[in-house]
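My notes follow in the order in which I made them.

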Amino acid sequence: MKNVTTTERKSEREFVVTRTVNGPARIIFEAWTQPELLKRWWAPKSFGISFISCEADVRVGGTYRFVFGHPASEQPMAFFGKYIEVTPHSRLAWTNEESAEGAVTTVAFEEEGGKTRVVVHDLHPSKEALDGAIASGSTCGMVETFEQLDELLVALGV
């Protein structure tokens, strides 16, 4: 049975994505924090985006920088920020500093019965910032991204 990804605007500034993933929280957390695994599932393939580089120093105060290429863009796109909460296997939070309107993203990993419920919560600085994120299409790739995470877990034998 295919897992369902739900996306919901919770308030003027909050966007939440929820998905149950087939695997233990420990492995799911690693997929979110190890660059060699992140590169295998993070960017939606249908968007035509490819990783150029992926750096993640996953500790409170540590930074991340993901650089993507796209055939329609001469310049690479960089996404970066810092980790503000790291609780292994249960919670991550980071800033998104590529623009002044960047959100704070929190991800909770809740394991039950060998599966993990993943809740991604984006808190934007304003209603306009969330409106812009939705209009840009940046929120619509999460369903495909989670499907790619499922594929990675199968490839890892989870």
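I began with helix H3 and asked what covers its buried residues; the cover includes strand E1 (5–9) and strand E2 (14–21). I note that the model is a predicted one.

I then listed the buried residues of H3, which spans residues 127–136, and found Ala 129, Leu 130 and Ala 133. Viewed down the axis of H3, these buried residues fall within an arc of 95°, so they line one face of the helix. Gly 137 follows H3, and I read a positive phi for Gly 137, near 90°.

Next I examined the pair H1 and H4, the latter covering residues 142–155. Their axes lie 11 Å apart, and the helices pack at an angle of about 115°. I recorded the crossing of H1 and H4 as right-handed. H1 contributes Ile 27, Ile 28, Ala 31 and Trp 32 to the contact, while H4 contributes Phe 146, Leu 149, Leu 152 and Leu 153. I classed the residues of this contact as eight nonpolar, no polar and no charged.

Finally, I turned to the largest nonpolar core, which has 31 residues. The members that touch the most others are Ile 28, Trp 32, Phe 109, Val 118, Val 120, Phe 146 and Leu 149. Helix H1 (residues 25–33) supplies the largest share of this core, six residues. For Ile 28, I set aside neighbours within four places in sequence and found contacts that include Val 21, Phe 109, Val 118 and Leu 149.

Key: Residues are numbered from 1 along each chain as its sequence is written. This is a predicted model: local features need pLDDT of at least 70, side-chain atom pairs count only at pLDDT 80 or more; totals for chains, interfaces and linings use all residues. Side-chain values use heavy atoms; hydrogens and water are left out. A nonpolar core is a set of buried Ala, Val, Leu, Ile, Met, Phe, Trp, Tyr and Cys residues joined through side-chain atoms within 4.5 Å. Buried means under 20% relative accessible area, exposed over 50%, partly exposed in between (1.4 Å probe, protein chains only). Helices (H or I, at least four residues) and strands (E, at least two) are DSSP runs, numbered from the N terminus. Contact means heavy atoms within 4.5 Å. The arc is that of the directions from the helix axis to the C-beta atoms. Axes are lines fitted to C-alpha atoms, for helices over the stretch in contact, and angles run from 0 to 180 degrees between N-to-C directions. A crossing is left-handed if the near helix is turned anticlockwise from the far one by less than a right angle, and right-handed if clockwise. Ala, Val, Leu, Ile, Met, Phe, Trp, Tyr, Cys and Pro count as nonpolar, Asp, Glu, Lys and Arg as charged, and the others, Gly among them, as polar.
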